[in-house]
Amino acid sequence: MRELFDEAAGQTPRDPQAAIRQAARTPQRKRFYKDAGVTETAGGFGITLDGKPIRTPSGRQVVIPSRALAEVVAAEWAAQAETIDPVTMPLTRIANSVVEGVVDRVELVAEDLAKYLESDLLFYRAGHPEGLVEREAAHWDPVLFWAAEALGAHFILSEGVMHVKQPDEALKAARAALPGNAWSVAALHVVTTLTGSALLALALAHGARDADQVWAAAHVDEDWNIEKWGVDEEAAARRAARLRDFQAAVTVLAAVKPPAA
């Protein structure tokens, strides 16, 4: 199993999404096992292939904190045909990147994620046409209002792409709302890099926005252009691939979210 993800091991531990993309480019290999299962192990649940635990390129056993999450990861392995295609295994790729590059570096990954707050997608608004301006506001303003009210993070908006420096107080307040566990941080990093917005990722993690709302908000401009000019097949294929990784990250967030008090 390690060879499938060897290239991911060379990526910076601060970017789980980069590790996922790299793993997805690994050449496909023949399926070498018959059964995939889940077993209890120290610290959580492991994935087994013919009874043997899967490990990362450095030899670490992949340990998943939730049985439900472990079962869907095992299902990805069980669903493979004659060859193993990492592209169809987004949850496995996230699990591998967490165990290999995040568990010992949670703060570093969180800091890298927080940097997106300095130039978040939601800050930069179109000046025209009026319909696009209104659509951006409809999708993005509720998230900014939530950040201000729930987190105490008051951000500055800009028209166009000219960079605007955000208040340190707002950045600190939003940074403080990031989770402290490796799985949640890694999943949020994936959501952030796929959407271009750490605020959307935070809103998702805190239940202020659901997954469909976040995905729609991240593609306001793209969807506007599609309505005006039609669908580009290559762009649609790339978007479908991003959606698959996004949905995997959403699954991870839901699985490791602490129960409501």
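Tutor: Contact means heavy atoms within 4.5 Å. In the protein chain, among contacts between residues at least 6 apart in sequence, 64% join residues at least 24 apart. This is a predicted model, in which local features need pLDDT of at least 70 and side-chain atom pairs count only at pLDDT 80 or more, while totals for chains, interfaces and linings use all residues. Residues are numbered from 1 along each chain as its sequence is written, and side-chain values use heavy atoms, with hydrogens and water left out.

Student: At what angle do the axes of helix H2 and helix H3 cross?

Tutor: Axes are lines fitted to C-alpha atoms, for helices over the stretch in contact, and angles run from 0 to 180 degrees between N-to-C directions. Helices (H or I, at least four residues) are DSSP runs, as are strands (E, at least two), numbered from the N terminus. Here the axes of H2 (residues 67–78) and H3 (residues 90–101) come within 8 Å and cross at roughly 120 degrees. Angles under 35 degrees count as roughly parallel, over 145 as roughly antiparallel, 65 to 115 as roughly perpendicular and the rest as oblique, and H2 and H3 are therefore oblique to each other.

Student: Which residues in H2 meet H3?

Tutor: Leu69, Val72, Val73, Glu76 and Trp77 in H2 meet Pro90, Leu91 and Thr92 in H3.

Student: Is Ser66 buried or exposed?

Tutor: Buried means under 20% relative accessible area, exposed over 50%, and partly exposed in between (1.4 Å probe, protein chains only). Ser66 has 13% relative accessibility and therefore counts as buried; Ser66 sits in the loop between strand E5 (63–64) and H2.
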